[in-house]
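Some notes for the file follow, as numbered points. They begin with one residue and widen to the chain as a whole.

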Amino acid sequence: MLWLLIGIIALGCGAIGVLLPILPTTPLVILAAFAFAKGSPQLRRWLVEHRIFGPMIADWEGYGAIARQDKIFACCIMAASLFCSFLVGVRPSVLIVQALILCAAATYVLTRPTADRTPQKQA
């Protein structure tokens with residue numbers, strides 16, 4: 001029951017992240033798939049077969065990869081959040097910590113293999 005609850009919460013937050021760039025959709029969907037694998041095989045199957053969320057899960061589980069557009073989006077959101085913190089007057093010491101954490105996160109995202117979601121031509 002706990003895994004099911006974790007999956008539902010993660011998927012809900014990930015779905016909100018599609019509309020609000022504050023929440024990271026891809027990691028939350030991957031977490032939901034993991035939790036559903038433990039708590040609800042039917043929900044996991046639905047999620048893996050979903051037209052929007054399914055490719056993210058397949059890229060990550062198959063290759064540890066993140067799609068190029070998702071990498072670009074993630075890095076832009078990280079930069080924007082740091083810039084917004086600067087604009088609202090966050091203390092310099094906090095900005096430095098935030099910048100270091102965001103640089104580490106961006107480095108992780110950018111060093112993952114890039115998923116190729118372009119349609120393949122058939123011979």
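1. Apart from residues up to four places away in sequence, Leu 4 touches Phe 36, Gly 39, Ser 40 and Leu 43. The model is a predicted one, and the points below should be read with that in mind. Leu 4 belongs to helix 1, which covers residues 2-19. Between Leu 4 and Leu 110 there are 31 Å from C-alpha to C-alpha, for a sequence separation of 106 residues.

2. On overall content, the protein chain has six helices and two strands. Read from the N terminus, the order of elements is α-α-α-α-β-α-α-β. Along the principal axes, the C-alpha atoms fill a box of roughly 50 × 45 × 20 Å.

3. On burial and surface, 27% of the 123 residues in the protein chain are buried. The accessible surface of the protein chain is about 8400 Å². Carbon and sulfur atoms account for 72% of that surface.

4. On contacts across the sequence, the pairs considered are those between residues at least 6 apart. Of these contacts in the protein chain, 61% join residues at least 24 apart.

5. On charge, the protein chain carries 10 positive and 5 negative charges. The mean position of the positive charges and that of the negative charges are 5 Å apart.

6. How do helix 5 and helix 6 pack, and at what angle? Helix 5 spans residues 68-87 and helix 6 spans residues 92-111. Their axes are 10 Å apart and meet at an angle of about 175°. Helix 5 is therefore roughly antiparallel to helix 6, the cut-off for that term being an angle over 145 degrees. On the helix 5 side, the contact is made by Lys 71, Ala 74, Cys 75, Met 78, Ser 81, Leu 82, Ser 85 and Phe 86. Helix 6 contributes Leu 95, Gln 98, Ala 99, Leu 102, Ala 105, Ala 106, Val 109 and Leu 110.

7. Ala 106 lies in helix 6. Is Ala 106 buried or exposed? Its relative accessible area is 16%, and the limit for a buried residue is under 20%, so Ala 106 counts as buried. Once neighbours within four places in sequence are set aside, Ala 106 is in contact with Cys 75 and Met 78. Ala 106 and Ile 96 are 10 residues apart along the chain, and their C-alpha atoms are separated by 15 Å.

8. Strand 2 consists of residues 114-115 and includes Ala 115. With a relative accessible area of 12%, Ala 115 is buried. Which residues does Ala 115 touch, not counting those up to four places away in sequence? They are Asp 59, Ala 65, Ile 66, Ala 67 and Arg 68. Ala 115 is also 9.0 Å from Met 56 in space, C-alpha to C-alpha, although the two are 59 residues apart in sequence.

9. Pro 55 is placed in helix 4, residues 53-63. A relative accessible area of 29% makes Pro 55 partly exposed, since that class lies between the limits of 20% and 50%.

Definitions and conventions: Residues are numbered from 1 along each chain as its sequence is written. This is a predicted model: local features need pLDDT of at least 70, side-chain atom pairs count only at pLDDT 80 or more; totals for chains, interfaces and linings use all residues. Side-chain values use heavy atoms; hydrogens and water are left out. Helices (H or I, at least four residues) and strands (E, at least two) are DSSP runs, numbered from the N terminus. Buried means under 20% relative accessible area, exposed over 50%, partly exposed in between (1.4 Å probe, protein chains only). Contact means heavy atoms within 4.5 Å. Accessible areas come from the Shrake-Rupley method with a 1.4 Å probe; for residues, only the protein chains shown count as cover. Lys and Arg count as positive and Asp and Glu as negative; His and the chain ends are not counted. The place of a charge is taken as NZ of Lys, CZ of Arg, CG of Asp or CD of Glu. Axes are lines fitted to C-alpha atoms, for helices over the stretch in contact, and angles run from 0 to 180 degrees between N-to-C directions. Angles under 35 degrees count as roughly parallel, over 145 as roughly antiparallel, 65 to 115 as roughly perpendicular and the rest as oblique.
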